[in-house]
Amino acid sequence: HESVLRGHRWRTAENSAAFLLNHLRPDARVLDLGCGPGTITADLADRVPAGRVVGIDPAPAALTAARTAARTDLDLDLVAGDAYALPLPDACVDVTYVHQVLHHLTDPVAALREVRRVTRPGGVVAVRETDYGAKVWYPPDPLLERWRTIFRAIAHHNGTDPDAGRAVHAWAREAGFTDVVSTTSAWTFATPEDRAWWGGSWADRVEHSEYATQALGYGLTDPTELAAIAAAFRRWADDPDGRFVVVHGEVLARR
């Protein structure tokens, strides 16, 4: 949905991949798995001017948005692909980046094994995952708690893990990586502009994206409650004391 793409377009290498940037060589071949609308992908391409970046995503709307926004001066490929069967040969990239993908997957370890396959020996794999259980906000609001409860119930119904950030280091080891460095970082939305963007994006997502479609389809809520949750996000965005912190678990692993 447009509200999801709007949210993803805010992401940059600086606010979403800072832990990786010092590991990029100018001539690196980079894979951005789950590239979405391509903002991080383009930033990574800027940092490897003598290299090449491939962005892979399964969603046609995301790839269309990425291709529309892509700069012609960047050496960038944007292709459709499945995280469990990447359309790439063995050991063909130096760096693989995976941002907020694994919490959508029923078998994140299998996806990481596939990532390991396409990354060359000695290459770097960087993974950053959200943790819905660790999200915090102020002021407290029971409707925002309902938002999280519904999200977690959707994920569990789908067989996925909404708290992937706290497990990603263990998944990396299970996938065969032995040199694993685990860190954390956070997004903080507290300025009027950031609150308006985050609150407005989620207000729309609650009523119009797959969040709404699945929550209603699984019988977890009703349109009246979703409208109330959307209104709660807008109230939070308008509150000068509003603060929302999104915690991420990060992994840097060597192939």
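**A helix, aromatic rings and nonpolar cores**

Modeller: Helix H9 (residues 192-208) contains 17 residues and spans 24 Å from its first C-alpha to its last, close to the 24 Å expected at 1.5 Å a residue. The expected span is 1.5 Å times one less than the number of residues in the helix. Helices (H or I, at least four residues) and strands (E, at least two) are DSSP runs numbered from the N terminus. This is a predicted model, in which local features need pLDDT of at least 70 and side-chain atom pairs count only at pLDDT 80 or more, while totals for chains, interfaces and linings use all residues. Residues are numbered from 1 along each chain as its sequence is written, and side-chain values use heavy atoms, leaving out hydrogens and water.

Next come the aromatic rings. Rings of Phe, Tyr and Trp (its six-membered ring) pair if their centres lie within 6.5 Å; planes under 30 degrees apart count as stacked, over 60 as edge-to-face and the rest as tilted. By this rule there are 19 aromatic pairs. In one of them, the ring centres of Tyr132 and Trp147 are 5.8 Å apart and the planes stand at 50 degrees, so the pair is tilted. This pair joins distant parts of the chain, 15 residues apart: Tyr132 belongs to the loop between strand E5 (119-130) and strand E6 (136-138), and Trp147 to helix H7 (residues 142-158). Tyr132 and Trp147 are both buried. Trp147 also pairs with Phe244, with ring centres 6.0 Å apart and planes at 75 degrees, so this pair is edge-to-face. Here too distant parts of the chain are linked, since Phe244 lies in strand E8 (residues 243-254), 97 residues from Trp147 in H7. Phe244 has 0% relative accessibility and therefore counts as buried.

Charged groups also meet rings. A charge sits over a ring if NZ of Lys or CZ of Arg is within 6 Å of the ring centre and within 35 degrees of the ring normal. The charged end of Lys135 sits over the ring of Tyr132, 3.6 Å from its centre. Arg116 lies over the face of Phe177, at 5.9 Å from the ring centre.

The packing can be read through nonpolar cores. Such a core is a set of buried Ala, Val, Leu, Ile, Met, Phe, Trp, Tyr and Cys residues joined through side-chain atoms within 4.5 Å. The largest has 29 residues, and Leu31, Leu33 and Leu102 have the most contacts inside it. Among the elements that each supply at least two of its residues are strand E1 (29-33), helix H6 (108-118), E5 and E8. H6 gives the largest share, five residues. Leu102 touches residues including Pro108, Val127 and Trp171, not counting residues up to four places away in sequence; contact means heavy atoms within 4.5 Å. Another core, of 26 residues, lies apart from the largest one, and Trp147, Ile150, Leu226 and Trp236 are among its residues.

Technical notes
Buried < 20%, exposed > 50% of the residue type's maximum accessible area, 1.4 Å probe, protein only.
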